[in-house]
Amino acid sequence: MYDSNIDWILAIVSALAGIGIGALGYHLLNANVARNQKVRQRLAEAELELSQVKDALNDHFARAADLVASIQRQSQELEQQLSLGADRLCDDLQIKRRLTPGEDLSSDDDTSPAVPRDYADGDHGTLAEDFGLRRDDEAAGAAQPQPPRY
């Protein structure tokens, strides 16, 4: 009779141990799922915030472009107004020339120095040995042989 009770006790203890191990496994696996769900939620919030920032940035640049266009239009209107006023009221030709839109300022450009360049004329370039030097023998027409360079 004790053998049958031991079998029942062993079966009940095994069932309780199985239930305990199953509950522990479920808890451990469920913790990772909950953590993943929190990470997904934070990612979704960050993506939403990023899209809102992008939309605000697009709106900002569109408004800035509109304001720049408005400033350019107002600048052109001011230039035209000054030109008309100079034509009607001013006797000085230099002031009229400066205020007239579309007037070439090529006479002023001739007095300005040349823009520096980072290249030389011709095929040799700035690293050539004869860069910037005038040869007197070429000017005189006599070609003297150069000593060999080592």
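The chain contains four helices and zero strands, where helices (H or I, at least four residues) and strands (E, at least two) are DSSP runs numbered from the N terminus. Along the sequence, the elements follow the pattern α-α-α-α. The structure is a predicted model, in which local features need pLDDT of at least 70, side-chain atom pairs count only at pLDDT 80 or more, and totals for chains, interfaces and linings use all residues. Residues are numbered from 1 along each chain as its sequence is written, and side-chain values use heavy atoms, with hydrogens and water left out.

Of the 150 residues in the chain, 4% are buried, buried meaning under 20% relative accessible area, exposed over 50%, and partly exposed in between (1.4 Å probe, protein chains only). The accessible surface of the chain amounts to about 14400 Å², and 57% of it belongs to carbon and sulfur atoms; accessible areas come from the Shrake-Rupley method with a 1.4 Å probe, and for residues only the protein chains shown count as cover.

One salt bridge was counted, defined as a side-chain nitrogen of Lys or Arg within 4 Å of a carboxyl oxygen of Asp or Glu. This salt bridge joins R73 to E77, with the closest N and O atoms 3.3 Å apart. R73 and E77 are four residues apart in helix α1 and are therefore separated by about one helical turn. R73 is partly exposed, at a relative accessible area of 43%, and E77 is likewise partly exposed, at 42%.
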